[in-house]
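Please work through the following exercises with the sequence and the model side by side, trying each task before reading its solution.

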Amino acid sequence: MADLAWDVIETTGASLFLTGKAGTGKTTFLNRLREKSGKRMIILAPTGIAAINAGGVTIHSFFQLPFSPYVPGSRANESRSFKMTRSKLSIIRSLDLLVIDEISMVRADLLDAIDDVLKRLRRSPLPFGGVQLLLIGDLQQLPPVVKDSEVHLLNPYYASPYFFESLALKNVPFRMIELTKVYRQSNLEFVSLLNEIRDGNPSDRTLARLNARVIPGFNPPDNEGYVILTTHNEQARLINETRLNKLSTQIQSFSAHVDGLFPESSYPAEVTLELKVGAQVMFVKNDPSPEKEFYNGMIGAVADITGDTVYVRVPGRVEDIKVQPQTWENNRYEIDAESGDIKEIKEGSFSQLPLRLAWAITIHKSQGLTFAKAVIDASRSFAHGQAYVALSRCQTLEGMVLQAPLTRASVICDGRVQAFTRMSLSRRIDDEELARMRGDYRLACLDETFCLEPLLRLAEDMYRVTAEAFSSLYPVAVGKLGDFIDKNRVSWRSLFSNFAAQYRRILSGATGEGTLSDRLRAAAGYYLGQLGDLKEVVGVFPDDHDNKELRKRFSAARTALEESVSQRVDILHSILNEGFSVEGFLRARSKGVVENHRREAQAKSRPSRSAKVSTADMLHPDLYFELRRWRRSKAEERDVPSFTIMHDKTLLAIANEAPQTMEDLLAVPGMGKKRVEFFGKEILDVVASVQS
């Protein structure tokens, strides 16, 4: 099943929910994907600790989402602005795959909030902005949290808080694959018992077999590595504190070192760790060294403490493990300036001994861990999946001790999860279905290449702000942009409709259409001409409009259009040079975004762009450009915006009238006595120098 999941993610655009029982290799799959996938991806998780463990970042921090509920259709959603860095925007717009780990803890409304952000920032009406999703987790484990104060806000929109109730996800043809091979437990009988608990319908025989492990009042002996799993934090804290105080050895404290940005909520270990020789501890990190001496969840006892080094004795090992501080990184995603790849950049670090007191731990914090021996009171379970999480932490039935009998009432399983799982697993992905999904993905990539309507919508956005900003200054240029849009509104739609039908016929095996490669190359050349025409009509307006708000809106509209055109041009050139392939399409699409990011960074170090205004709007264009250069130098000299020296409209009037005397200059609208007094001689000198 892991190989099938790999094929779905790597060779199709279908979104996938990858699930499986505890210990079936979901984390292993994620690590393989991170190392070997050809798609541009980011990895997110709902909590800080889950994100650190997955090697990603949190959902809220990456998308800059508030922790309040997301209410579909709320005006608050529409009014939200997303102030993201250019690098993060480039990441989002070049993203192929969004991975969310521990999806069982993600609420439906949070997934809809992600959909909202991706649609806006990727300028796409498609669900999640057209990004493929990989959702990893086990719905039979602990559920998402909804506060009592949030229930009334979410109930009108969602039948349950689980991620699969997301309104956006219902518009995505996502599939579910379940990993079934259990690596944590090797005993088939124990695996069968756990499966019945997981499914929420244990038989009398299963309950009897598990309850045979009940030992009332069991007090774990020292140095045998038993962990007590509790339902509440306070229970675990009291047990650990009591057992530590009983030890007669000297207490020693170890303080964490935090460098840079590392949110407190994401700390992976204790800020102040108090230990004694003889204390039972658990490793909270996998050993990064080649020796791999310890793993997350390994239990041992402190054998010795020397300075900052702790020696831990683990049952079955001859030598004690030498433990020194380990470092966890808090990362963010950036675009690498050289390669264009999405890179993890360290923002901060947390260094501490990778240990915690482990006579007791909560069931919630045990999720994802494995214990050789555990003492469990699952009879007090109060949430869906809690009993299953606790029991499945154990490697063997013999290593489990129950403090009280397990009943059907304590095996809480949400029927909504069961119904969703049954329905999803009934839709198997066979070879024929996988081939269809690959074909659909190829068509989606072709459609994205040759459908120009998204560019036309961006051109219309630019025209609206251009008409407001420049109609009085450059009416001919504004008119040309409007005419271009009107002319192509119908023709581009018809062009795509006809060509899409043609390549679909070729792909279906129809004859008489020529080869697909030839048709795509010919179309790429024609489309490049169309985009060249578009670039010409939008590239004639200057950026530095006098009105600050209009200048900001115009710059944003032009940038959005130019970035999209540039990206499409890169894809079309790729087809001309290499032919079409899905892999080539993905490379060219991401390259376009990265190149836009580079150009934007370079532009920040240069003066604002030179005007390329249509000469149809001016009588003396050379004079106009020279006057703009003069105005810019005066503005830089005084450290003020250009429009405070002279408005564009006045500048254009001077260029058209080419005044020869102070009296001529005074007659130009917008000059006035003060400006003539301050700048008259310099302006006349500019006029004379151009006309000489």
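**Exercise 1.** Determine which residues leucine 193 is in contact with, leaving aside its neighbours within four places in sequence.

*Solution.* Begin with the place of leucine 193, which is in helix α9 (residues 188-199); helices here are DSSP runs of H or I with at least four residues, strands are runs of E with at least two, and both are numbered from the N terminus. Next, apply the contact criterion, heavy atoms within 4.5 Å, which gives Arg205, Thr206, Arg209, Leu210 and Leu397 as the partners of leucine 193. Finally, leucine 193 counts as buried because its relative accessible area is 2%, where buried means under 20%, exposed over 50% and partly exposed in between, with a 1.4 Å probe and protein chains only.

The model is predicted, so local features need pLDDT of at least 70 and side-chain atom pairs count only at pLDDT 80 or more, while totals for chains, interfaces and linings use all residues. Residues are numbered from 1 along each chain as its sequence is written, and side-chain values use heavy atoms, with hydrogens and water left out.

**Exercise 2.** Describe the chain as a whole through its secondary structure, its box and its buried residues.

*Solution.* The secondary structure comes to 25 helices and 20 strands. Taken along the principal axes, the C-alpha atoms fill a box of roughly 105 × 70 × 50 Å. Of the 692 residues in the chain, 53% are buried. Among contacts between residues at least 6 apart in sequence, 73% join residues at least 24 apart.

**Exercise 3.** Identify the residues of the largest nonpolar core that touch the most other members.

*Solution.* A nonpolar core is a set of buried Ala, Val, Leu, Ile, Met, Phe, Trp, Tyr and Cys residues joined through side-chain atoms within 4.5 Å. The largest one has 77 residues, and Phe450, Tyr503, Leu520, Leu534, Phe541 and Ile683 touch the most other members. Its largest share, 11 residues, comes from helix α17 (residues 475-507). To look at one member, take leucine 520, which touches Leu446, Phe450, Phe499, Tyr503, Ile575 and Phe580 when residues up to four places away in sequence are not counted. A second, separate core has 70 residues, including Phe29, Leu30, Ile42 and Leu133.

**Exercise 4.** Work out how helix α15 and helix α19 meet, and which residues they bring to the contact.

*Solution.* The axes of α15 (residues 431-450) and α19 (residues 548-578) come within 9 Å and cross at roughly 120 degrees; axes are lines fitted to C-alpha atoms, for helices over the stretch in contact, and angles run from 0 to 180 degrees between N-to-C directions. At the contact, Glu448, Thr449 and Phe450 of α15 meet Arg568, Ile571, Leu572 and Ile575 of α19. Turning to α19 itself, its 31 residues reach 44 Å from the first C-alpha to the last, close to the 45 Å expected at 1.5 Å a residue, the expected span being 1.5 Å times one less than the number of residues. Glutamate 562 is found in α19 and is partly exposed, with a relative accessible area of 27%. The helix α19 is followed by glycine 579, whose phi is positive, near 80 degrees.

**Exercise 5.** Which residues of helix α21 are buried, and what covers them?

*Solution.* The buried residues of α21 are Leu623, Tyr624, Leu627, Arg628, Trp630, Arg631, Arg632, Lys634 and Ala635. Their cover includes α22 (642-645), α23 and α25 (672-691). After α21 comes aspartate 639, with a positive phi near 55 degrees.
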